[in-house]
Amino acid sequence: MNDEHHQGTPVPPGAPDPAGELARADDADVEVRVDRIAVDGTYVRVSSIGEPGERAFVLVAGLGIASTYYERLAPHLNENGPVHALDLPGFAGVPRFRGRVSIERYADAVGAVIDDLRLHDPVLIGHSMGTQVVTELAARRPDISDVVLISPVLDPAARSLRKAALRFLRSSVHEPSAVRWHAVTAYALCGWHWFRKVLPEMIAYPIEERAAEVRAHTLIVRGEHDALVPRAWVRRLARALPYAVLREVVGGAHSVMHAQADAVARLAVAHVDGRLPDRGVSSLQRVRDDSTASDLDRLSLTDRWLVVKSRFMELGGMAKGDDEQLEEAKSAHAVAMADSDGVPVDPGQREAVVETVAPERRGDRRPF
C-alpha cells in the first residue's frame, strides 16, 4: 500500500475552494438561527446558517459534544449550501431520551430532523460517535448520495472501555486548547450519568457491518495523530463501504474538523462536487492545513472579546435552554471568526451584533 503525500494544500485548478470563495464574497452570512424539532419525547436543537433552497449539510457531533465543535467548519460549508448543526438529546443542555438509548435511536432523531426540515438528499457529516449515527441513517436511506465520516469510531480492537480511554488520552495530547475547553464544558453539560449510559452503546456499535448497507459516496477523514482512529482501521472501514475515499490531515488529531477546519471543508466540498480523486481505498492521501490553527492570532481586540464573551453566553444559553441567547452568542462568534478569516461582514450586521453582545465595545473598529 502506497500513501500519497502532499506537501501543502494548493487548490487544483477548477477545484472548489470554500475558504477562498468566502473571502471573495460580497458579504458573509453570519446570522445563526436556533430551532427545536420535537423527537421521541424530547427535541433536537438545530443551529442553522445560510438560506434554504440549496442542498443542505447536516452536521452530527460526537458523544457528549455540542454542535459548537463545528463552529469553524460550518461557515466554509455555508458557501455551498445551508448548514444545520445538531445538538442531540442528552447533549449541550438538550433534555435526554427516556428509557433505553442507542445509536439507532439517535439515527431516528436525525432522520426526523431531516424530514421536518424537508431536506432533499442532504449531505450527512458525522464526527466520532456522530459517524455511527450518520452511517446508521445512511444505511436505512439509500436516497442519501453523500456522506462524510470524520474520525469514525471504533475499530473492533478498541471496543472496551479501557482501550478506548487510553487511545482517547493519547489523541488528546495533540488537540489545541480551544478543543479541550469545548470538550470539558460539553461533558459537564452532558453529565456523567448520561455519558456513562451512552458510552457503552458507542463502544459496542459495529459500524463496519452497517457500512456495508450504505449506498452513498463516502469520504473518510482522519487526523494524523488520531490514536482513537488508526490508519489500518479507516482502510478496513473503507473496504466495507461500496464507495469510499480516504484522506488524512497532517497535524490533525481526533477533532480535526475544528483544528484544521479549512482543509476538512475543502475536502468535503470537493467530495460532494465529485472532484476528489479516488486512487483506491488502500491509498490514504494526505493534505495539510497551516491556516486554521492561527485564526485566533489574527483577531482584533474587539473580536477576541466577542469570542470570549460569546462562549460564556453560549454556555449559559445551553444550561438555561435559552435559544434566543444561543442565537446571539453563536452569531457573535461567527462575526468574530469571519473577521479573522478576512471574510467581509455587513457593517450594519456587525454593529448590531456588537451592540447586543458587547455594547462596551461599540464603535471599536477592528484595532490591531
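Helices (H or I, at least four residues) and strands (E, at least two) are DSSP runs, numbered from the N terminus.

**Figure 1. The whole chain at a glance.** There are 14 helices and 9 strands to find your way around in this protein. What you are looking at is a predicted model, where local features need pLDDT of at least 70, side-chain atom pairs count only at pLDDT 80 or more, and totals for chains, interfaces and linings use all residues. Residues are numbered from 1 along each chain as its sequence is written, and side-chain values use heavy atoms, with hydrogens and water left out. Of the 368 residues, 58% count as buried (buried means under 20% relative accessible area, exposed over 50%, partly exposed in between, with a 1.4 Å probe and protein chains only). A contact here means heavy atoms within 4.5 Å. Among contacts between residues at least 6 apart in sequence, 78% join residues at least 24 apart.

**Figure 2. Helix 3 meets helix 4.** Two packed helices are described by the angle between their axes and the distance between the axes. The axes of helix 3 and helix 4 come within 8 Å and cross at roughly 70° (axes are lines fitted to C-alpha atoms, for helices over the stretch in contact, and angles run from 0 to 180 degrees between N-to-C directions). That makes helix 3 roughly perpendicular to helix 4 (angles under 35 degrees count as roughly parallel, over 145 as roughly antiparallel, 65 to 115 as roughly perpendicular and the rest as oblique). Residues making the contact include Tyr106, Asp108 and Ile114 of helix 3, and Met129, Glu136 and Arg140 of helix 4. By class, this contact has 8 nonpolar, 2 polar and 4 charged residues (Ala, Val, Leu, Ile, Met, Phe, Trp, Tyr, Cys and Pro count as nonpolar, Asp, Glu, Lys and Arg as charged, and the others, Gly among them, as polar).

Figure 3. The structure holds 20 salt bridges (a side-chain nitrogen of Lys or Arg within 4 Å of a carboxyl oxygen of Asp or Glu). In one of them, arginine 140 meets aspartate 108 at 2.4 Å, N to O. This pair links distant parts of the chain, with arginine 140 in helix 4 (residues 129-140) and aspartate 108 in helix 3 (residues 103-117), 32 residues apart. Arginine 140 is partly exposed, at 33% relative accessibility, and aspartate 108 is partly exposed too, at 44%. Now look at glutamate 136, which forms a salt bridge with arginine 210 (2.9 Å, N to O). Glutamate 136 lies in helix 4 and arginine 210 in helix 8 (residues 207-211), so the pair ties together parts 74 residues apart in sequence. Glutamate 136 is buried at 5% relative accessibility, whereas arginine 210 is partly exposed at 26%.

Figure 4. Lysine 330 and glutamate 314 join their side chains in a salt bridge (2.9 Å, N to O). Lysine 330 lies in helix 13 (residues 323-340) and glutamate 314 in helix 12 (residues 301-320), so this pair ties together parts 16 residues apart in sequence. Both lysine 330 and glutamate 314 are buried. Elsewhere, salt bridges that share partners join Arg222, Glu224, Arg231, Glu248 and Arg286 into one network.

**Figure 5. Helix 6 alongside helix 12.** Helix 6 (residues 177-190) packs on helix 12 at an angle of about 15°, with the axes 11 Å apart. That makes helix 6 roughly parallel to helix 12. The crossing is right-handed. Look for Trp181, His182, Thr185 and Leu189 of helix 6 touching Arg311, Phe312, Leu315, Met318 and Ala319 of helix 12. Sorted by class, the contact has 6 nonpolar, 2 polar and 1 charged residues.

**Figure 6. The buried side of helix 9.** Helix 9 (residues 231-240) has Trp233, Val234, Arg235, Leu237 and Ala238 as its buried residues. These pack against strand 6 (146-150), helix 8, strand 7 (217-223) and strand 8 (244-249).

Figure 7. A cis peptide bond joins valine 153 and leucine 154, with omega about -15°. Leucine 154 sits in the loop between strand 6 and helix 5 (161-172). Aspartate 40 has a positive phi of about 50° although it is not a glycine, and its place is the loop between strand 1 (33-39) and strand 2 (42-49).

Methods. A crossing is left-handed if the near helix is turned anticlockwise from the far one by less than a right angle, and right-handed if clockwise.
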